[in-house]
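My notes follow the structure below.

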Amino acid sequence: MAHLQIRPNVFDCAVCHTPCNSESAKHNTFHINKTWGDKAEEIVMFHINKKGKYKAEETTLGHKYPDLTLFDKSRNMASFVEVKMVSSTFMKIQDKSPEAKLTPSELVVLNNSAIVNYSKIVQKHNLPIYIVFIVANRPCITLNDDYKLYYQNFDVIYDIYKQKKEQRSYTRRIVQGDQDDQGNIQNPLFKVHFSINELMPYKY
């Protein structure tokens with residue numbers, strides 16, 4: 001059975017026969033997120049290195065930097081790559097943030113604090129940052145694949161952010177796994193939403 005498509009990457013969730021799992025909204029365990037993130041980085045490194053134009057390696061400049069650094073054939077730093085695993089979606093986006101004018105099937109998200117941090121890194125190093133989203137567990141988008149990759153230059157994302165931050169921002173409630181044993185928040189709660197249609201499909 002095909003999913004009912006309204007326009008590219010936008011599907012009618014009300015009649016979906018493979019509804020997205022909303023369990024991640026109830027549990028946001030930090031170590032599970034990190035495991036997904038590590039796997040995602042390996043996937044992206046594999047695809048980049050397979051093409052051979054650049055060598056992707058884990059970034060060694062500190063935890064505030066994007067996940068990967070790309071080097072050219074002369075071992076010069078060419079760019080940074082931040083990898084985001086998208087294994088769930090915000091099913092209530094149209095109810096909670098109607099002004100965003102986004103639907104669950106097309107949705108990807110970034111932490112507001114990360115966006116601000118990336119903008120500082122771009123200015124400091126004068127190197128591009130690419131954001132790569134691995135979309136999984138969303139059958140209307142992935143079809144028969146385990147996942148699909150989408151990417152965009154951070155400059156493009158930052159332009160959208162500056163134009164639409166107010167309409168697309170959402171602060172989610174604290175759920176199980178957000179806090180450590182001392183009560184410190186481990187996962188940023190202030191989110192900014194984007195559309196897959198604002199990204200480029202990664203061909204591999």
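These entries go from the sheet to a helix and then to a pocket.

**Ground rules.** I am reading a predicted model, where local features need pLDDT of at least 70, side-chain atom pairs count only at pLDDT 80 or more, and totals for chains, interfaces and linings use all residues. Residues are numbered from 1 along each chain as its sequence is written, and side-chain values use heavy atoms, with hydrogens and water left out.

I traced an open sheet of six strands in the order 3-4-5-7-8-11, with mixed pairing. Strand 3 (55–58) and strand 11 (200–201) are the edges, each pairing on one side only. For me, strands are DSSP runs of E, at least two residues, and helices are runs of H or I, at least four, numbered from the N terminus; two strands pair if DSSP finds at least two bridges between them.

**Strand 11.** I looked up its link to strand 8 (residues 147–153): two bridges, antiparallel. Tyr151 has Met200 as its bridge partner there.

**Pocket.** Next I checked the second largest pocket, which holds about 360 Å³ of space. Of its 17 lining residues, Ile48, Tyr54, Leu70, Tyr151 and Tyr202 lie nearest the centre. A pocket here is an open set of 1 Å grid points over the protein atoms alone where a 1.4 Å probe fits, with protein on both sides within 12 Å along at least five of seven lines; lining residues have an atom within 4 Å of a point. The volume is the space filled by probe spheres set on the points, joined across faces, edges and corners. Helix 1 (30–51) gives the largest share of the lining, four residues.
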